[in-house]
Amino acid sequence: MNRAALFVLADGRFPAGGHAHSGGAEPAVAAGRIRDAETLEDFCRGRLHTAGLVAAALAAAAAAGHDPLQLDEAADARTPVQALRTTARKLGRQMMRAARATWPSAELDQLATARPQGAHQPVVLGLAARSAGLAPLDAACAAAYETVSGPATATVRLLSLDPFDATAVLARLAPELDQIAAAAADAAQRIPDEGIDALPAASAPLLDITAQHHAAWPVRLFAS
């Protein structure tokens, strides 16, 4: 296991396109649901326990070697809004480019061929983690962290929030992030016995609704 690769994969500077996306923070700021560090923490906690749990489980399952095409279909089923499916595949395509350049593997090549328009980002992330020699729990940690670090970073730009405050939010969420990653990895472990339905399907309807509305904004700072 090459644990240090986790730092590369989870680094916000890894060229996977995440910097252009707010994870729903931009419409939440516009609606007044994110106003300061306290409300940012509430937003990130809700996102972590819903979209974050689902993404972490998909990533863990891909890292464990389960069929990425089947996982991609499972991701589609767990993403009811077209705007979020489109975003997930765009990010997956960018993640695939970065992963193949960083940790080349036949499995990444096969998925890229099968999904030329991009697979869902958590699935690609999990396969990238596998190619880097990381464990399913590592992939789950990276996916879960991304679901909260993206909104936190975006809010610094959207509200001119003190970056120290945003980082403190992430630090306070760290124990819950560990819990989510562990639950996601456990779900992935149950796939051989329970099938793909072992993966969680937590939903966040407000995130879905605002994502669809945000996609139609004529002017926006972030792509999603």
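1. Helices (H or I, at least four residues) and strands (E, at least two) are DSSP runs, numbered from the N terminus. The protein has 11 helices and zero strands. Read from the N terminus, its elements run α-α-α-α-α-α-α-α-α-α-α.

2. This is a predicted model, in which local features need pLDDT of at least 70 and side-chain atom pairs count only at pLDDT 80 or more, while totals for chains, interfaces and linings use all residues. Residues are numbered from 1 along each chain as its sequence is written, and side-chain values use heavy atoms, with hydrogens and water left out.

3. On overall form: the C-alpha trace of the protein spans about 45 × 35 × 35 Å along its principal axes.

4. On burial and contacts: buried means under 20% relative accessible area, exposed over 50%, and partly exposed in between (1.4 Å probe, protein chains only). Of the 224 residues of the protein, 51% count as buried. Contact means heavy atoms within 4.5 Å. Among the contacts with a separation of 6 or more, 81% are between residues 24 or more positions apart.

5. The next points concern pairs of helices. Axes are lines fitted to C-alpha atoms, for helices over the stretch in contact, and angles run from 0 to 180 degrees between N-to-C directions. Angles under 35 degrees count as roughly parallel, over 145 as roughly antiparallel, 65 to 115 as roughly perpendicular and the rest as oblique. A crossing is left-handed if the near helix is turned anticlockwise from the far one by less than a right angle, and right-handed if clockwise. For residue classes, Ala, Val, Leu, Ile, Met, Phe, Trp, Tyr, Cys and Pro count as nonpolar, Asp, Glu, Lys and Arg as charged, and the others, Gly among them, as polar.

6. Helix 3 (residues 37-63) packs on helix 7 (residues 121-131) at an angle of about 40 degrees, and their axes are 7 Å apart. That angle makes helix 3 oblique to helix 7. Their crossing is right-handed. On the helix 3 side the contact uses A55, L58, A59, A62 and A63, and these meet P122, V123, L125, G126, L127, A129 and R130 in helix 7. By class, the residues of this contact are 10 nonpolar, one polar and one charged.

7. Helix 3 also crosses helix 8, at roughly 150 degrees, with the axes coming within 7 Å. Helix 3 and helix 8 are therefore roughly antiparallel to each other. This crossing is right-handed. Residues of helix 3 in the contact include L40, F43, C44, R47 and L48, and those of helix 8 include P136, A139, A140, A143 and A144. The contact of helix 3 with helix 8 has 18 nonpolar, three polar and one charged residues.

8. Helix 7 and helix 8 pack against each other at about 140 degrees, with axes 9 Å apart. The two are therefore oblique to each other. Their crossing is right-handed. Q121, L125, G126 and A129 of helix 7 make the contact with A139, A142, A143 and E146 of helix 8. Its residues divide into five nonpolar, two polar and one charged.

9. L108 lies in helix 6 (residues 106-114). L108 is buried, at a relative accessible area of 0%. Beyond its neighbours within four places in sequence, L108 is in contact with M96, A99, R100, W103, L127, A128 and S131. The C-alpha atoms of L108 and V124 are 7.8 Å apart, and the two residues are separated by 16 residues along the chain.

10. A5 is in helix 1 (residues 5-10) and is buried, with a relative accessible area of 4%. Leaving aside neighbours within four places in sequence, A5 is in contact with W103, A132 and L134. A5 and D138 are 133 residues apart along the chain, and their C-alpha atoms are separated by 9.6 Å.

11. S160 sits in the loop between helix 8 (136-159) and helix 9 (163-189). S160 is not a glycine, yet it has a positive phi of about 55 degrees. At 64% relative accessibility, S160 counts as exposed.

12. In helix 11 (residues 205-214) the buried residues are L207, D208, T210, A211 and H214. These buried residues pack against helix 2 (25-30), helix 3 and helix 5 (82-102).
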